[in-house]
Amino acid sequence: MDMKQELVKFSRLAEEKGFVNSLEGNLSVIDRATGNIYITPSHKAKCFLSPEQICVIAPDGTQIGGTEKRSSEFYLHEAAYKARPDITAVFHCHSPYLTAYAFAYKDFQFDPNTFLYQIFGGKITCLPYGEHGTHAIHQGIEDALDGRPVALLGGHGVVCVGTDIEDAMGLLEAAENYAKTQFIQNRI
């Protein structure tokens, strides 16, 4: 499967799961051989995307492919790839439980007795607020993603990285489910 089809497939799945919609969330993959980044377009329902709509961005930032305008969060994705040369996928969304922590400007802590503690390095760091669509949104991402696959974007949402888009989405889903379980547990 090529990168565009992979993004279309997982974009549909992400929207079915309620992680993204036409205004929120975006997915990308990078071709490490060429440096090209493939990213979902801005303001399009992810469940209806076609491979032709997937935006291709050259290493110099020029859009060289796709029939739509690239996501406004391109700089966030680009910064994550620079911070983590070991990953090839970035998933940004506004999942409700983790985003609640982002809106509270709080790091999210994992219980040391859970297997997720090791996977996520014990916590998910919350970055300060940075205006979406600008370089300010990713300030501090290098430290936040150092040894961890997920970071909270203060007052905004969540970003997750992975070895591929399936890995990134799976990690995000695991963290979101844990946050939901923790929320429910605190009400028992």
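These notebook entries record what I looked up in the predicted model shown above.

**Ground rules**

I noted that this is a predicted model, in which local features need pLDDT of at least 70, side-chain atom pairs count only at pLDDT 80 or more, and totals for chains, interfaces and linings use all residues. I number residues from 1 along each chain as its sequence is written, and side-chain values use heavy atoms, with hydrogens and water left out.

**Entry 1: the sheet**

I began with the strands, which are DSSP runs of E with at least two residues, while helices are DSSP runs of H or I with at least four residues; both are numbered from the N terminus. I recalled that strands of a sheet pair through backbone hydrogen bonds, either parallel or antiparallel. Here two strands count as paired if DSSP finds at least two bridges between them. I found an open sheet of nine strands with mixed pairing, in the order S4-S3-S2-S1-S5-S9-S8-S7-S6. Its edge strands are S4 (63-65) and S6 (108-109), each of which pairs on one side only.

I asked how many of the residues of S9 are buried. Six of the six residues of S9 (157-162) are buried, so this strand is largely enclosed by the rest of the structure. Buried means under 20% relative accessible area, exposed means over 50%, and partly exposed lies in between, with a 1.4 Å probe and protein chains only. Gly157, Val159 and Val161 point one way from S9, and Val158, Cys160 and Gly162 point the other way.

On pairing, I recorded that S5 (89-93) runs antiparallel to S9 over five bridges. Cys93 has Val158 as its bridge partner, and Val90 stands opposite Val161. S8 (150-153) is also antiparallel to S9, with four bridges, and Ala151 stands opposite Val159. S8 and S9 form a hairpin with three residues between them, and Gly155 in the turn has a positive phi of about 65°.

**Entry 2: strand S1**

I then turned to S1 (26-30), where five of the five residues are buried, so the strand is largely enclosed by the rest of the structure. Asn26, Ser28 and Ile30 point one way from S1, whereas Leu27 and Val29 point the other way. Four bridges join S1 to S5 in the antiparallel sense, with His92 as the partner of Asn26. S1 is also antiparallel to S2 (37-39), through three bridges, and Val29 stands opposite Tyr38 there. The hairpin of S1 and S2 has six residues between the strands, and Gly35 in the turn has a positive phi of about 85°.

The N-terminal end of H6 is capped by Asp164, with a side-chain oxygen 3.2 Å from the backbone nitrogen of Glu166. The buried residues of H6 include Ala168, Leu171, Leu172, Ala175 and Tyr178. I kept in mind that an α-helix has 3.6 residues a turn, so residues three or four places apart point the same way.

In H2 (74-83), seven of the 10 residues are buried, so this helix is largely enclosed by the rest of the structure. Among them are Phe74, Leu76, His77 and Tyr81.

**Entry 3: the cores**

I looked up the nonpolar cores, each a set of buried Ala, Val, Leu, Ile, Met, Phe, Trp, Tyr and Cys residues joined through side-chain atoms within 4.5 Å. The largest has 35 residues, of which Leu27, Phe91, Leu98, Phe108, Phe110, Ile124 and Leu152 touch the most other members. Elements that give two or more residues to this core include H1 (3-16), S1, S5, S9 and H6. H6 gives the most, with eight residues. Apart from this core lies another, of 21 residues, among them Cys55, Leu76, Ala79 and Val161.

For Cys126, the nearest cysteine sulfur, that of Cys93, is 14 Å away. The sulfur of Cys160 is 8.3 Å from the closest cysteine sulfur, in Cys93, too far for a bond. Both residues count as buried, Cys126 at 12% relative accessibility and Cys160 at 0%.

Terms used:
Polar contact = N/O pair within 3.5 Å; in protein donor to acceptor, adjacent residues only side chain to side chain. Disulfide = S-S within 2.5 Å.
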